[in-house]
Amino acid sequence: MTPDCGPIAVSSPSARRSRQARIAWGSRVVTVGGDAPVRVQSMTNTDTADPIGTAIQVKELAVAGSEIVRITVNTPEAAQQVPYIREQLDRMGIDVPLVGDFHYNGHRLLTEFPACAQALSKYRINPGNVGKGDKHDRQFAQMIEAALRWDRPVRIGVNWGSLDQELLAQMMDENSRRAQPWDAKAVLYEALITSATDSARQAVALGMDPNQILLSCKVSGVQDLISVYRELARRCDHALHLGLTEAGMATKGTVASSVAMGVLLQEGIGDTIRVSLTPQPGESRTQEVVIASEILQALGLRTFVPSVTACPGCGRTTSTTFQELAKQIDDHLRAQMPVWRARYPGVEQLKVAVMGCIVNGPGESKHADIGISLPGTGEAPAAPVFIDGQKALTLRGENIAAEFHQLVANYIEKRFGGSTATV
């Protein structure tokens, strides 16, 4: 007997309540925070003094879906090349905003290389690395003055690996005098948040528009990130950049980033995200963009590419045909998206199912826009295809994969290739 407790609520992420910043280059404006979409960000790992190599990697990241790309600006040689990197990207038609990542000498580079300051769309400032003692406030102020001169937003990005040690020592001393001292990790959390929020207040006092200040307090532990960002979001209304500072490699980095950011994004915390994944040797840097996009898509916050549902396989699915077909379809859809975004508006909403046997195959295929249920062990050598929830036809023979590919292409053209589409 069904309990009379009403319908089960559909779970959805909480609404965000942050300020809205604008990150612009040319005619393109990327809004961050408020009711804007959660943005995908990434960072190059090239030597910025190599403008061609850096521009090529920025293009790869942008084509993969990164909406903001950060580059290291650490030397005069790197600062000199930033305008040329921007120029090269503009020639290639890549209008993604560039963020300059500054540590230690950012105040000098932004002052001595005005063309660099102008070519960047945003500056990242780490308050733990802007100077010690009486130099700290003066050099921080120089970076804010550059942001004001060129009307650029800033991200005040605190990392627990480069936290202001003078601030941490002061807070440890204050903690030792408490009647009931906090544990060391609680003091560390407090120092991270204090560094970010005090720096934001200092920037506002220097003339920055609060809407043009983004904050981050990045750590490497999943539970640490969740704890710190919950409190940071409670204490401020600045747009927040979210991510583990070093997520790790491969599966570990993917899982840690997905769990930590998934929890926070579900709670409405986070306005830009980056998966700081260590690439496998020879692996493309774009993998971190793919994972970040998948996190947002899995939560229902964004839709970037058509989704392909495929079963994991079991003793009923001894053939690898469904695995191969699912990979072919998924790879093809991703590869075509740079062109299809313009040609087929809305195609990223497409849902495809490639299933391996009769148990869940027909049902999952009916839930998709177009789906195929391939024959499992002992089943008749036939593959019913479902389109818009209805069985449309059955494929047989040696060319099932090629024929289903064509059916998917025909479906996309019919549904998304309206008269307003551009080729």
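At roughly what angle do the axes of helix α11 and helix α13 cross? They cross at roughly 25 degrees. This is a predicted model. The chain holds 13 helices and 17 strands.

**The chain as a whole**
- The chain has 423 residues, and 49% of them are buried.
- The C-alpha trace spans about 80 × 60 × 40 Å along its principal axes.
- Take the contacts between residues at least 6 apart in sequence: 65% of these join residues at least 24 apart.

**Nonpolar cores**
- The largest nonpolar core contains 109 residues.
- Within that core, Tyr123, Ile372 and Phe404 touch the most other members.
- Helix α7, residues 184-205, is the top contributor to this core, giving nine residues.
- A second core is separate and has eight residues, among them Ala21, Val30, Val99 and Leu214.

**Helices α11 and α13**
- Helix α11 covers residues 321-343, and helix α13 covers residues 400-416.
- Their axes come within 12 Å.
- The crossing angle is under 35 degrees, so α11 and α13 count as roughly parallel.
- The crossing of α11 past α13 is right-handed.
- On the α11 side, the contact is made by Leu325, Gln328, Ile329, His332, Leu333, Trp340 and Arg343.
- On the α13 side, Ala401, Phe404, His405, Val408, Ile412 and Phe416 take part.

**Helices α8 and α9**
- Helix α8 runs over residues 222-235, and helix α9 over residues 250-266.
- Their axes come within 9 Å and cross at roughly 25 degrees.
- That angle is again under 35 degrees, so α8 and α9 are roughly parallel to each other.
- α8 passes α9 in a right-handed crossing.
- Val222, Leu225, Ile226, Tyr229 and Arg230 of α8 make the contact with Ala256, Val259, Ala260, Val263 and Leu264 of α9.

**Aspartate 101**
- Aspartate 101 sits in strand β5, which covers residues 98-102.
- Its relative accessible area is 7%, under the 20% limit, so aspartate 101 counts as buried.
- The side chains of aspartate 101 and arginine 124 are joined by a polar contact of 2.9 Å.
- Beyond its neighbours within four places in sequence, aspartate 101 is in contact with Met43, Arg70, Ile71, Thr72, Val73 and Arg124.

Definitions and conventions:
Residues numbered from 1 in each chain as written. Predicted model: local features only at pLDDT ≥ 70, side-chain atom pairs only at ≥ 80, totals over all residues. Heavy atoms only, no water. Core = buried A, V, L, I, M, F, W, Y, C linked by side-chain atoms within 4.5 Å. Buried < 20%, exposed > 50% of the residue type's maximum accessible area, 1.4 Å probe, protein only. Helix = DSSP H or I, 4+ residues; strand = E, 2+ residues; numbered from the N terminus. Polar contact = N/O pair within 3.5 Å; in protein donor to acceptor, adjacent residues only side chain to side chain. Contact = heavy atoms within 4.5 Å. Axes fitted to C-alpha atoms, helices over the stretch in contact; angles between N-to-C directions. Parallel < 35°, antiparallel > 145°, perpendicular 65-115°, else oblique. Left-handed = near helix turned anticlockwise from the far one by under 90°.
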